[in-house]
Amino acid sequence: MAKKKGKFVFGGFEHPWLDPLWRRILIVGFCAAWTGLEYYNDNQTWAIIVGAITAYAFYGYLIAYKGSTTKPPEDQE
């Protein structure tokens, strides 16, 4: 992935919304289910494409995820 000024072209993996583990697992699970659906329907090309997206998401969200560097804004009273 090409980098521009310390960020990935498609955006970084770290974002405050993705800090809870269940959200990252849900994204990877959705991609894996989509891959299975495409394979089941004999769409090998789409199964390979979505499988690559699944592998990329698995690595980025579950293996290499370091957490966000910024905190979400606190509730103002």
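Trainee: Does Thr54 count as buried or exposed, and what makes it so?

Mentor: In this predicted model, Thr54 has a relative accessibility of 13%. Buried means under 20%, so Thr54 counts as buried.

Trainee: Where is Thr54, and which residues is Thr54 in contact with, leaving aside its neighbours within four places in sequence?

Mentor: Thr54 is placed in helix α2. With those neighbours set aside, Thr54 is in contact with Val28, Cys31, Ala32 and Thr35.

Trainee: Why are α1 and α2 called roughly antiparallel?

Mentor: The axes of α1 (residues 21-40) and α2 (residues 44-63) cross at roughly 165°. Angles over 145 degrees count as roughly antiparallel, and therefore this pair of helices is given that label. The axes come within 8 Å, and α1 passes α2 in a left-handed crossing.

Trainee: Which residues in α1 and α2 meet?

Mentor: On the α1 side they include Val28, Cys31, Ala32, Trp34 and Thr35. On the α2 side, Val50, Thr54, Ala57 and Phe58 are among them. The residues of this contact divide into 16 nonpolar, three polar and two charged.

Trainee: What makes the aromatic pair of Phe30 and Trp34 tilted?

Mentor: A pair of aromatic rings is described by the distance of the centres and the angle of the planes. For Phe30 and Trp34 these values are 6.3 Å and 45°. The structure holds one aromatic pair.

Trainee: Where do Phe30 and Trp34 lie?

Mentor: Both lie in helix α1, four residues apart, which is about one turn of the helix.

Trainee: How do you know whether Phe30 is buried or exposed?

Mentor: Phe30 has a relative accessible area of 55%. Exposed means over 50%, so Phe30 is exposed.

Trainee: What is Trp34 called, and why?

Mentor: Trp34 is at 36% relative accessibility.

Trainee: What pattern does the protein chain follow, and how much of the chain is buried?

Mentor: The chain has two helices and two strands, and read along the sequence the pattern is β-β-α-α. Buried residues make up 19% of its 77 residues. Among contacts between residues at least 6 apart in sequence, 60% join residues at least 24 apart.

Methods:
Residues are numbered from 1 along each chain as its sequence is written. This is a predicted model: local features need pLDDT of at least 70, side-chain atom pairs count only at pLDDT 80 or more; totals for chains, interfaces and linings use all residues. Side-chain values use heavy atoms; hydrogens and water are left out. Rings of Phe, Tyr and Trp (its six-membered ring) pair if their centres lie within 6.5 Å; planes under 30 degrees apart count as stacked, over 60 as edge-to-face and the rest as tilted. Buried means under 20% relative accessible area, exposed over 50%, partly exposed in between (1.4 Å probe, protein chains only). Axes are lines fitted to C-alpha atoms, for helices over the stretch in contact, and angles run from 0 to 180 degrees between N-to-C directions. Angles under 35 degrees count as roughly parallel, over 145 as roughly antiparallel, 65 to 115 as roughly perpendicular and the rest as oblique. A crossing is left-handed if the near helix is turned anticlockwise from the far one by less than a right angle, and right-handed if clockwise. Contact means heavy atoms within 4.5 Å. Ala, Val, Leu, Ile, Met, Phe, Trp, Tyr, Cys and Pro count as nonpolar, Asp, Glu, Lys and Arg as charged, and the others, Gly among them, as polar.
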